[in-house]
Amino acid sequence: MKVTLNRAAFLEELATVQRAISGKTTIPILTGVKLKLTEAGLTLTGSNADISIETFLSVADEKANMIIESTGAIVLQARFFNEIVRKLPEATLTLELTDNNQVIITSGQALFNVNGSNADNYPHLPVIDNQPSFELSARVLNKLISETGFAVSLHESRPILTGVHFVLSDNRLLAVATDSHRLSQRTIELEGDNQDFNVVIPGKSLQELSKTFKDEDAKVAISMMDNQVLFKTENMLFYSRLLEGNYPDTNRLIPTTFNTEIKFNVPEFLSAIDRASLLSHEGRNNIVKLAITPDNVTIYGNSPEIGNVQESLSYLSVSGEAIDISFNPDYMKDSLKSFGNIDVIIKFISPIRPFTLQPADGDIDFIQLITPVRTN
């Protein structure tokens with residue numbers, strides 16, 4: 001194989017597949033990136049035990065400025081190869097496969113001769129060709145991930161909670177995540193006639209997926225099979241394994257009756273939480289307290305070593321019983337950031353029962369749950 005192409009365009013694709021490549025793998029060839037050159041263009045593949053990414057750089061892509069002299073395939077050590085390409089002196093580079101799986105990389109006066117591995121030894125990606133699929137825009141999918149992914153568990157003691165539960169039923173797509181201390185649930189309506197499914201996708205896979213989209217208007221086709229999900233765009237395939245097991249029934253966790261309600265502007269409330277947490281982060285217990293009465297709302301932060309802070313908050317409306325409630329400010333900040341620049345309604349039952357956050361706009365089907373911290 002021999003090809004000359006634009007270095008920046010190539011680096012962009014290389015960075016995408018690199019997200020799936022880990023230096024810690026029991027399969028040595030998976031520390032490499034697979035390059036497959038055909039008359040149509042260059043396919044790059046990266047994989048680990050959990051995700052696989054394949055991107056395609058077309059010969060018809062003007063940015064690639066690709067000149068193909070001969071076709072072929074090779075696997076190159078990803079980390080070194082990426083560093084070499086990044087530091088080449090010119091805007092273009094040439095890759096030439098020689099005997100014994102060696103690749104000559106040239107750019108300007110620079111010449112590297114690197115050892116590769118036989119591409120035939122690289123594992124084949126799953127085939128999901130004829131599986132039912134549905135489409136979302138990259139923008140909507142990214143939003144779903146940002147609205148739920150932060151609430152997955154980071155502890156492997158309950159592996160199923162490290163993923164986001166996706167359920168498609170009657171053309172309603174529900175995404176929910178919980179780490180047992182907080183929960184985030186988003187539901188959107190889909191168009192067309194879509195086949196139902198019920199899967200749990202690892203949170204880490206979704207975070208990597210959200211970083212791969214270059215065009216937010218791009219359509220993403222999502223297909224499922226036994227233990228894999230495929231996200232497919234025009235020039236990329238992103239595979240992720242699915243988590244095994246039954247996700248807990250989270251519907252029963254969401255309360256339906258409340259004793260106190262308050263409406264905040266999200267950016268204003270987020271700033272106040274941020275200030276209160278400056279001191280709470282210094283203490284042994286990372287807790288802030290919210291005191292709500294019909295006439296006044298105050299937030300308190302405290303660190304025995306540093307001092308304390310209190311601030312009267314501005315709010316849009318309040319109703320119901322007075323309540324003092326303590327919570328982890330980091331959970332609250334994560335939750336508020338996922339709402340964006342809108343107004344939010346927070347509903348409380350008691351100081352020891354979980355409370356909910358929802359957009360003030362009732363047309364948005366999005367709810368979050370945070371468990372308070374008991375204080376003496």
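Trainee: What makes up domain 1, domain 2 and domain 3 here?
Mentor: The chain is divided into domain 1 (2-121), domain 2 (137-214 + 240-251) and domain 3 (254-370), and such bounds come from an automatic or database domain assignment. This is a predicted model, in which local features need pLDDT of at least 70 and side-chain atom pairs count only at pLDDT 80 or more, whereas totals for chains, interfaces and linings use all residues. Residues are numbered from 1 along each chain as its sequence is written, and side-chain values use heavy atoms, with hydrogens and water left out.

Trainee: How far apart are the C-alpha centres of domain 2 and domain 3, and how many residues does the contact take from each?
Mentor: The C-alpha centres of domain 2 and domain 3 are 25 Å apart. The contact (heavy atoms within 4.5 Å) takes 14 residues from domain 2 and twelve residues from domain 3.

Trainee: What is meant by the largest nonpolar core, and which of its residues touch the most other members?
Mentor: A nonpolar core is a set of buried Ala, Val, Leu, Ile, Met, Phe, Trp, Tyr and Cys residues joined through side-chain atoms within 4.5 Å; buried means under 20% relative accessible area, exposed over 50%, and partly exposed in between, with a 1.4 Å probe and protein chains only. The largest one has 63 residues, and those touching the most other members are Phe10, Leu35, Phe81, Phe166, Leu173 and Phe231. Because domain 1 and domain 2 both give residues to this core, it lies between them. Apart from it lies another core, of 28 residues, including Leu270 and Phe355.

Trainee: Why is Asn100 called exposed, and why is Asn101 called partly exposed?
Mentor: Asn100 has a relative accessible area of 73%, so it counts as exposed, whereas Asn101, at 29%, falls in the range for partly exposed. Asn100 is in the loop between strand E7 (92-98) and strand E8 (102-107), strands (E, at least two residues) and helices (H or I, at least four) being DSSP runs numbered from the N terminus. Asn101 lies in the loop between E7 and E8 as well. Neither is a glycine, yet phi is positive in both, about 60 degrees for Asn100 and near 55 degrees for Asn101.

Trainee: What makes E21 and E23 the edges of their sheet?
Mentor: Two strands pair if DSSP finds at least two bridges between them. Four strands form an open, antiparallel sheet in the order E21-E20-E19-E23; E21 (307-312) and E23 (323-327) each have a single partner strand, so one side of each is left without a neighbour in the sheet. Strand E20 (residues 297-303) pairs with E21 over six bridges in the antiparallel sense, and Tyr300 has Gln310 in E21 as its bridge partner.

Trainee: Why is Glu282 called partly exposed, and which residues is it in contact with?
Mentor: Its relative accessibility is 48%, so Glu282 counts as partly exposed. Leaving aside neighbours within four places in sequence, Glu282 is in contact with Ser303, Glu305 and Ile306.
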